Number of protein chains: 2
Amino acid sequence: MTSKSICDLFGVRYPVLQGGMLWLATAELAAAVSNAGGLGIISPYAGMKENGHPIRNLHLQIDRARNLTNKPYGVNIPLDLHASGLLIDSLLKENIKIVITAAGDPRLYTELLHSAGICVAHVISSVSQARHAESCKVDAVIAEGFEAGGRIGREELPLFSLLPQVVNAVYIPVIAAGGIADGRGFAAALALGAGGVQLGTRFVASEECIAHHNYKQAILDAGDSGTVVTRRSSIPIRSLKSDFSMKLAAMENSGASGESIGKFIGRGRARKAQIDGDMTDGDAYAGCSAGLIKEILPAAVIIEILVKA
Amino acid sequence: MTSKSICDLFGVRYPVLQGGMLWLATAELAAAVSNAGGLGIISPYAGMKENGHPIRNLHLQIDRARNLTNKPYGVNIPLDLHASGLLIDSLLKENIKIVITAAGDPRLYTELLHSAGICVAHVISSVSQARHAESCKVDAVIAEGFEAGGRIGREELPLFSLLPQVVNAVYIPVIAAGGIADGRGFAAALALGAGGVQLGTRFVASEECIAHHNYKQAILDAGDSGTVVTRRSSIPIRSLKSDFSMKLAAMENSGASGESIGKFIGRGRARKAQIDGDMTDGDAYAGCSAGLIKEILPAAVIIEILVKA
C-alpha cells in the first residue's frame, strides 16, 4: 500500500520539518524554514515572556508568520499542557492547515482538528504508539528516537531500530526525528523507510532562532558525549551536560527521592538556559546530533545541506 | 583522503561482519558467514563447556573453521579477559589474518598482532575512543551504537549520531554495529558514512548459531520494547527483558548497593540463557534490532537480504 508523500501531505518542496521547540519556535524561524522549502513549525510559547499568555502569543505568532511567508507552516501543540485544549480551540479560528501534536493521546483532538480541515502529525516513540496514532486517524507519525533532544520516549529506542519497525507497522507516512543534522542523516532516514525528517537541535543553532547565543555556542562545543538523559523515572529528557543536568543525574543515580529531585529541578530551568543563556543552572535541551553541529547557519542553508547532499 | 574498502581490507565479497558473540560465535557460524561472502568471526569461548579451556577451544575452533571454509574469517578477542594475553599469544601461532579486539585499550596488542601480519579492527563507542584506536594504528574501527546487544559504551550514543561523527573524526574505515538487521539498516549505515556493518543479534537468530532455541525464539518475540539496559554504573549491557534483567533494573533504579547487585547477578547468567535456554534467570543479550527479526534464517540468507535490498 502506498501512502501520500510528506511533500504532498504538507504542500512543501522538501520533506524537512523544523521541530516545534517550546520556547524557541517563533514565526521568524518557522517562516525561514518554510520559505526555504521545508515545513516551519510555530510553538505557542515561542518568544513569549515568562508569564505571558500562550493563546494570545499563538495568535501573534501566526499573524507574524502570515506576514513572513506564503508557504505552508504548522503549529506544535503538546497535549499535556494545561492550555492544550484552549490552544487547539483557538487554532480552529485561525486558517491553520497543519498541527503537530505530541506528549499525549492523539485520540483527544485529531477528529476535531480534522473537522476543521487541519492535517495532523503526531510524535511517537514506539511501535505501539505509532499503531495507536494511526488508529486515531492522524495523517502521519513523527518517530522520535532516543537520540533526540528534550523529551524522549521512555522506551529509549534509537532511530536505527525504531524507524524501520514503525515503517513496518503503519501505513501512514513516517517522519524520522532525533540525531539528524546533515545530508547523511537525511539519506539514512530515507533508507530506513522514512518519508521525511524533523530536526530540532540543528535549527536551534540557526541564525533565525531566538535561542541565547550561549546555548547555541554550547551546542557547537558539545561533541559526541555532550548530552545526558535525566528524569528517566518520569519523563526522560536529553539535555546538554551542565552543572544542573549533571547534578540531577548524580542525584538520580544515587537513588534520591522523587520529592528531593523535584525540589532540586524547581521551575523555569529550560527557559533559563535557552532564552536567558544560563548554561550553569539552566536546562539546555539538545539531541545527540549536537556533536555534528559546528556552525550557526541560516535555516535555508541547513535545509540546502540536507537535501543537496 | 581515501581509505581502503572493508572488502579489500578483509578480502571479502560483502562488507558484512558477524559479531564475535562470546559463547556463540563457533567455527560453524563463522564459516557459514564467510562462505556466503561476509566475514565470519570466531570466539575462543564458543561451543566451550562451562569450565573449558579457552585457548584449547580457540585452536579447536580454528581447526574446524579451516575445514569448513577457504574464505577469510576472524577471531574476536575481548581485551579485558584474564586470558586475553594468552589468547593473543596463541593466535600468533595460527595462520589467522584478522582479529577483532574490544573492551580494552588497543595500544596493548595492535603492534604485536601487526607484527604477525594480522589485520586488527577495534570496537569503539565514542569519537575519542575511535581517535585513540586510530592512533594505535588499528586498521578499522567498529562503531557500536547504544542499540547494540550485550556490552555497550557508557556514552550511550546511538548509531545515527555516533557513526557520522566517527567517520568525520578518523581516516581509517568505520564499520557500523548495533541495530542493523536488514537491507534498510545496511543502506542507512552506508549513507551515514560506514564502510561496512557488523550484526550480532541477527546472527544469533540464524540456523547455524548454537544459541538455545528458547533464546532465538525470545528474539523473534521481543518486539521494539523487548530489551533493557542494566549495569549502567559499571559496564552497561543490553539484554532481553526477563525476570532476571527486570529485577536487576528495578534494584538499580531503587539505588541498591553495588555489592547487593553483584551478589544478585552472580556468575554464569549469560551462558545460562544463551546456551542452556533459561530465559527466566539467564541473561540473554540482544540489541534493539531484535524487534526487526521475525524468522530464524540461514546465515547466507541473512547476508543476501542485507546486500540485495
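Predicted model: local features only at pLDDT ≥ 70, side-chain atom pairs only at ≥ 80, totals over all residues.
Q: Which strands does β9(A) pair with, and how do you know?
A: Strand β1 (residues 16–18) of chain A runs parallel to β9(A) and is joined to it by 3 bridges, with A:L17 having A:Q198 as its bridge partner. Strand β8 (residues 174–177) of chain A also runs parallel to β9(A), again with 3 bridges, and here A:A176 stands opposite A:V197.

Q: Why can the buried residues of helix α4 (residues 84–91) of chain A be said to line one face?
A: The buried residues of this helix are A:L87, A:I88 and A:L91. Seen down the axis of α4(A), they fall within an arc of 95 degrees, so they line one face of the helix. What they pack against is α3 (54–68), β3 (73–78), β4 (98–102) and α5 (110–115) of chain A.

Q: Why is chain A called as compact as a globular protein of its length?
A: Chain A contains 14 helices and 11 strands. Its radius of gyration is 18 Å, close to the 19 Å that the globule rule gives for 309 residues, so the description as compact as a globular protein of that length applies. Along its principal axes, the C-alpha trace of chain A spans about 50 × 40 × 35 Å, and buried residues make up 58% of the 309 residues. Of the contacts in chain A with a separation of 6 or more, 61% are between residues 24 or more positions apart.

Q: How do you know that the two copies are related as by a two-fold rotation axis?
A: Chain B is superposed on chain A by a rotation of 180 degrees with 0.0 Å of shift along its axis, at an RMSD of 0.0 Å. The two copies are thus related as by a two-fold rotation axis.

Q: Why is it said that the copies meet through the same surface?
A: Of the interface residues of chain B, 100% are also interface residues in chain A, so the surface is the same in both copies. The contact takes 35 residues from chain B and 35 residues from chain A. On the side of chain B that touches chain A, α7 (159–169) and α8 (183–191) of chain B each supply at least two residues, and the largest share, 6 residues, comes from α7(B). By class, this side of chain B has 15 nonpolar, 15 polar and 5 charged residues.

Q: What makes α8(B) a mostly covered helix?
A: Of its 9 residues, 7 are buried, namely B:R184, B:G185, B:F186, B:A187, B:A188, B:A189 and B:A191. These buried residues pack against α7 (159–169) and α8 (183–191) of chain A, and also against α7, β8 (174–177), β9 (196–199) and α14 (299–307) of chain B.

Q: Why is A:K137 called partly exposed?
A: A:K137 has 13 other C-beta atoms within 10 Å, and a residue is partly exposed when its count lies between the limit of 12 or fewer for exposed and that of 20 or more for buried. A:K137 is placed in the loop between α6 (127–135) and β6 (140–144) of chain A, and its phi is positive, near 75 degrees, in a residue other than glycine.

Key: Residues numbered from 1 in each chain as written. Chains lettered and ligands numbered in written order. Helix = DSSP H or I, 4+ residues; strand = E, 2+ residues; numbered from the N terminus. Arc of directions from axis to C-beta. Contact = placed C-beta atoms within 7 Å. Nonpolar A, V, L, I, M, F, W, Y, C, P; charged D, E, K, R; others polar. Rg over C-alpha atoms; globule rule 2.2 N^0.38 Å. Least-squares fit on C-alpha atoms with pLDDT ≥ 70 in both. Pairing = 2+ DSSP bridges.
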